[in-house]
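Trainee: I am new to this structure. Please pick one part and take me through it closely, then show me how its surroundings are arranged.

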Amino acid sequence: MPATTVGFIGLGRMGRPMASNLCRKGFALAVYDVNRAPVLEVERLGARAGASVADVAATSDIVLTMLPNSAIVEDVILGAEGVVAHGRRGSLIVEMSTVDPVVTDRLAAAAAQRGLSFVDAPVGRLASHADRGECLFMVGGSDEHVERVRPLFEAMGTTIHHCGGAGSGIRTKLVNNYLAIISCQLNAEALALSQRFGLSLEKTLEVLYGTTATNGQLKIAWPNKVLKGDTEPGFTIDLAHKDLTLIVEAANAAKVPMPIGAVAREAFNTARSRGYGAKDFSAMVDVLCEIASIEKPRLD
């Protein structure tokens with residue numbers, strides 16, 4: 001069994017299976033979440049239930065965080081009862097959430113001031129991949145620190161991209177998510193238009209799959225999700241809107257125009273206002289069809 005003691009904070013839809021896979025691979029794990037239910041579930045696999053963030057930080061050589069947003073990440077890592085305040089000198093923080101890159105930079109600087117190491121490693125792919133231990137990691141940090149945590153990434157996933165220094169992981173994630181989310185909006189508009197034209201969905205997809213118009217969402221994900229009537233996440237419209245907000249704001253700060261991103265963000269906000277926020281982001285096509293009074297596209 002690996003000698004390293006690992007802390008895992010944040011056992012949501014992605015974090016719980018990731019922590020579970022660490023347990024199954026034999027890591028000594030302490031876990032914490034504000035929701036008790038997933039803590040008990042991972043505890044049954046052999047993890048120790050931490051009493052608090054401070055408790056997990058104080059007893060771990062490596063602390064992983066997988067949390068919903070920038071504000072929560074800052075509180076958990078930089079708060080008075082947080083990881084930086086209570087972590088062991090020489091321990092390593094691995095921040096895996098999707099947050100504002102400026103926050104990531106602030107976390108790395110604060111950790112260094114207290115003698116802690118820092119790696120950012122936002123996660124690609126979906127919750128179903130996390131269940132199977134097939135996550136993709138976009139990692140930012142020094143070679144030494146990335147190699148130190150590589151066995152953990154290998155226990156939770158299949159693909160590790162070392163993108164550069166600390167902060168490069170989250171910036172890569174935002175670029176990746178920008179294209180994935182924008183593709184979702186483009187697909188939704190195209191398929192809604194095809195249905196308004198009265199075209200066969202099957203034949204339209206056959207044509208699109210054979211040209212440069214196709215993309216991974218349309219060809220791989222959608223036939224097994226929204227086009228089969230399954231809009232359970234997955235990756236929610238709420239999260240897609242959150243990520244687009246991060247992307248547009250980060251681009252604005254860098255003085256990079258993002259007109260398509262800004263428009264897409266408002267389209268996702270429209271979906272949220274119509275009650276679709278908790279649905280899979282492929283359900284954007286259902287939103288457009290509902291607005292336009294078009295029958296929702298479905299494959300037999």
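Mentor: Start with helix H14. Its buried residues pack against three helices: H9, H12 (237-253) and H13 (259-273). Contact here means heavy atoms within 4.5 Å. Helices are DSSP runs of H or I with at least four residues, strands are runs of E with at least two, and both are numbered from the N terminus.

A word on the source before we go on. This is a predicted model, with residues numbered from 1 along each chain as its sequence is written. Local features need pLDDT of at least 70, side-chain atom pairs count only at pLDDT 80 or more, totals for chains, interfaces and linings use all residues, and side-chain values use heavy atoms, with hydrogens and water left out.

Back to H14. The helix covers residues 284-291. Which of its residues are buried? They are Met284, Val285, Asp286, Val287 and Cys289. Buried means under 20% relative accessible area, exposed means over 50%, and partly exposed lies in between (1.4 Å probe, protein chains only). An α-helix has 3.6 residues a turn, so residues three or four places apart point the same way. Now step past the end of the helix. Just after H14, Ser293 takes a positive phi of about 55 degrees.

Lys255 is not a glycine, yet its phi is positive, near 60 degrees. Its relative accessibility is 77%, and Lys255 counts as exposed. Pro233 and Gly234 are joined by a cis peptide bond, with omega about 5 degrees.

Now H9, another partner of H14. H9 spans residues 168-196, and its axis comes within 9 Å of the axis of helix H6 (residues 101-113). The two axes cross at roughly 165 degrees. Axes are lines fitted to C-alpha atoms, for helices over the stretch in contact, and angles run from 0 to 180 degrees between N-to-C directions. H6 and H9 are therefore roughly antiparallel to each other. By the cut-offs, angles over 145 degrees count as roughly antiparallel, under 35 as roughly parallel, 65 to 115 as roughly perpendicular, and the rest as oblique. The crossing of H6 and H9 is right-handed. Which residues make the contact? H6 brings Pro101, Thr104 and Asp105, while H9 brings Ile170, Arg171 and Leu174. By type, the residues of this contact are three nonpolar, one polar and two charged. Nonpolar covers Ala, Val, Leu, Ile, Met, Phe, Trp, Tyr, Cys and Pro; charged covers Asp, Glu, Lys and Arg; the others, Gly among them, are polar. As for handedness, a crossing is right-handed if the near helix is turned clockwise from the far one by less than a right angle, and left-handed if anticlockwise.

Look next at Leu208, in helix H10 (residues 201-209). Leaving out residues up to four places away in sequence, Leu208 touches Leu191, Ala213, Thr214 and Leu218. Leu208 and Lys219 are 11 residues apart in sequence, with 8.7 Å between their C-alpha atoms.

For comparison, turn to helix H1. H1 is mostly covered, with eight of its 10 residues buried. Ser20 is one of the buried residues, with a relative accessible area of 3%. Ser20 touches Val42 and Leu45, again not counting residues up to four places away in sequence. Just after H1, Gly26 takes a positive phi of about 95 degrees.

The side chains of Arg16 and Glu41 meet at 3.2 Å, N to O. Arg16 lies in H1 (residues 15-24) and Glu41 in helix H2 (residues 36-43), so the pair ties together parts that are 25 residues apart in sequence. Glu41 is partly exposed, at 33% relative accessible area. A salt bridge is a side-chain nitrogen of Lys or Arg within 4 Å of a carboxyl oxygen of Asp or Glu. The structure holds 16 of them. Among them is the pair Arg48 and Asp55, whose closest N and O atoms are 3.0 Å apart.
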